[in-house]
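These are my notebook entries on a single chain. I set down what I looked up, in the order in which I turned to each topic.

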Amino acid sequence: MTLSTTRRTGAPHILDRCRELVRPALVEAVGRLHPWHAETAAFSLGWRGTGGEPLPGSQGKGVRQALAVLGAEAAGGSAADAVPGAVAVELIHTFSLIHDDIMDGDETRRRRPTLWKAYGTGPAVLAGDALFALAVSTLAEAPGDASPAAVRHLARALGDLVHGQAQDLLFETRPWTGPGAALPHEYRAMATHKTGSLLGCAAALGAALAGAPAATVEALDLAGRHVGVAFQAVDDLLGIWGDPLETGKPVHSDLRRLKKTYPVLAALSADHPAARRLDALLSRDRPLDDRAARHAADLIDEAGGRAAALGEAHEHLAAARSCLDRVPLARPAREDLLTLIPYLVDRTG
């Protein structure tokens with residue numbers, strides 16, 4: 001699933017550097033929570049198990065933290081300028097995953113039980129709410145004159161994220177084809193809101209906290225939103241054809257749940273015999289067994305859904321690079337962004 005020939009050797013180092021820079025402030029922020037919320041937050045962040053035991057190496061990649069740090073550096077500021085923004089977006093991302101898992105009924109994430117499965121739905125909802133509030137207060141208390149503008153930028157991204165989540169849930173009530181069916185361009189808009197908004201916000205917050213002009217902040221925000229759509233397209237591909245050892249999910253997991261993802265919608269909108277057979281299979285409106293899921297995956301591929309999703313990712317990667325070319329950015333950080341962006345979507349898990 002290669003999307004770029006860009007060398008990827010530097011991206012893990014970039015992520016490690018940014019995560020290590022932000023981690024002390026993130027730990028300090030979580031430590032200010034009610035002890036119960038701090039425990040569940042540490043579990044959700046991958047720091048500790050349900051018994052409080054440390055889980056070294058289990059936390060996520062820290063993508064949004066890295067985008068915030070690189071946004072500040074690209075704007076000519078220091079990495080330290082971005083730390084409050086990086087903490088805020090990581091807390092919001094974790095909050096969104098907690099609530100997303102509850103809404104979707106997902107029982108595992110990163111090969112571990114999800115928070116609601118481990119602690120119960122009520123504690124999980126409360127933990128998400130606590131992280132939301134902590135994110136806003138962390139950003140509001142950031143030093144310097146840019147804090148109010150940064151909070152407004154986060155509020156805008158949060159509104160978009162919730163808008164996208166609503167669109168995603170409503171897709172479940174719509175038919176596969178015919179009047180009222182969800183179409184690929186609608187899915188693209190959903191992904192821009194649900195996935196792209198926080199990625200764009202991360203880069204923009206770093207720049208804003210570093211005192212960047214509005215044009216730079218907006219260019220980084222838009223670049224992140226394009227990366228989010230590309231990221232979602234690849235995530236959808238992995239949800240159908242990904243290796244369970246890499247993704248941590250069962251093979252064909254999204255198909256089994258009859259989830260409307262970009263490859264499926266693109267395949268159904270094609271003028272192809274396989275699209276009509278796929279519609280007949282999915283319109284049974286019951287979960288697919290192993291055989292039916294394999295058959296559906298083959299039909300999606302035959303009707304062009306896999307190729308369409310890869311093309312979508314390519315298109316938005318190019319658009320993200322174009323956004324970065326529109327404004328002057330500090331060269332080292334710009335090169336790091338150009339290294340990191342393709343790495344985020346050219347992945348297997």
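**Entry 1. The chain as a whole**

I note at the outset that this is a predicted model. Along the principal axes, the C-alpha atoms fill a box of roughly 60 × 50 × 35 Å. I then looked up burial and found that 55% of the 349 residues are buried. Among contacts with a separation of 6 or more, 75% are between residues 24 or more positions apart.

**Entry 2. Nonpolar cores**

Which residues have the most contacts inside the largest nonpolar core? I listed Val30, Leu33, Leu67, Leu91, Ile92, Leu324 and Leu340, in a core of 88 residues. Helix H4 gives the most to this core, with 11 residues. Another core lies apart from it and has 20 residues, including Trp176 and Leu288.

**Entry 3. Helix H2**

I turned to helix H2, residues 35-44, where seven of the 10 residues are buried, so this helix is largely enclosed by the rest of the structure. The buried ones are His37, Ala38, Thr40, Ala41, Ala42, Phe43 and Ser44. What covers these buried residues? I found that the cover includes helix H1 (11-30), H4, strand E2 (112-113), helix H5 (115-119) and helix H6 (121-140). Just after H2, Gly46 takes a positive phi of about 85°.

I looked up Glu90 in helix H4 (residues 79-104). Glu90 is buried yet has no salt bridge. The nearest side chain of opposite charge is that of Arg110, 5.6 Å away, and a salt bridge requires the nitrogen and oxygen atoms to be within 4 Å. I did find a polar contact of 3.2 Å between the side chains of Glu90 and Gln65. Beyond four places in sequence, Glu90 touches Leu26, Leu45, Gly62, Arg64 and Gln65.

**Entry 4. Salt bridges**

I recorded 24 salt bridges in the structure. In one of them, the side chains of Glu73 and Arg17 meet at 3.0 Å, N to O. Glu73 lies in helix H3 (residues 63-74) and Arg17 in helix H1, so this pair ties together parts that are 56 residues apart in sequence. Glu73 is buried, at 18% relative accessible area, whereas Arg17 is partly exposed, at 30%. I also noted the salt bridge of Asp271 and Arg276, at 3.7 Å, N to O; both of these residues are exposed.

**Entry 5. Arg225 and its network**

Which residues are linked with Arg225 in a network of salt bridges? I found Arg156, Asp160, Glu218 and Asp221. Arg225 lies in helix H9 (residues 214-241) and counts as buried at 10% relative accessibility. Apart from neighbours within four places in sequence, Arg225 is in contact with Arg156, Asp160, Thr192, Gly196, Ser197 and Gly200. I also took its C-alpha distance to Ala320: 7.9 Å in space, across 95 residues in sequence.

**Entry 6. His193**

I looked next at His193, in helix H8 (residues 184-209). The side chains of His193 and Gln167 are joined by a polar contact of 3.3 Å. The side chain of His193 also reaches the backbone oxygen of Ala189 at 3.0 Å. Its contacts beyond four places in sequence are Asp160, Leu161, His163, Gly164 and Gln167.

Arg110 is not a glycine but has a positive phi of about 50°; Arg110 sits in the loop between strand E1 (108-109) and E2, partly exposed at 38% relative accessible area. Leu258, also not a glycine, has a positive phi of about 55°. I placed Leu258 in the loop between helix H11 (253-256) and helix H12 (262-268). Is Leu258 buried or exposed? At 17% relative accessibility, Leu258 counts as buried.

Terms used: Residues are numbered from 1 along each chain as its sequence is written. This is a predicted model: local features need pLDDT of at least 70, side-chain atom pairs count only at pLDDT 80 or more; totals for chains, interfaces and linings use all residues. Side-chain values use heavy atoms; hydrogens and water are left out. Helices (H or I, at least four residues) and strands (E, at least two) are DSSP runs, numbered from the N terminus. Buried means under 20% relative accessible area, exposed over 50%, partly exposed in between (1.4 Å probe, protein chains only). Lys and Arg count as positive and Asp and Glu as negative; His and the chain ends are not counted. A polar contact is a pair of N or O atoms within 3.5 Å; within protein, one must be able to donate a hydrogen and the other to accept it, and residues adjacent in sequence count only if both atoms are side-chain atoms. Contact means heavy atoms within 4.5 Å. A nonpolar core is a set of buried Ala, Val, Leu, Ile, Met, Phe, Trp, Tyr and Cys residues joined through side-chain atoms within 4.5 Å.
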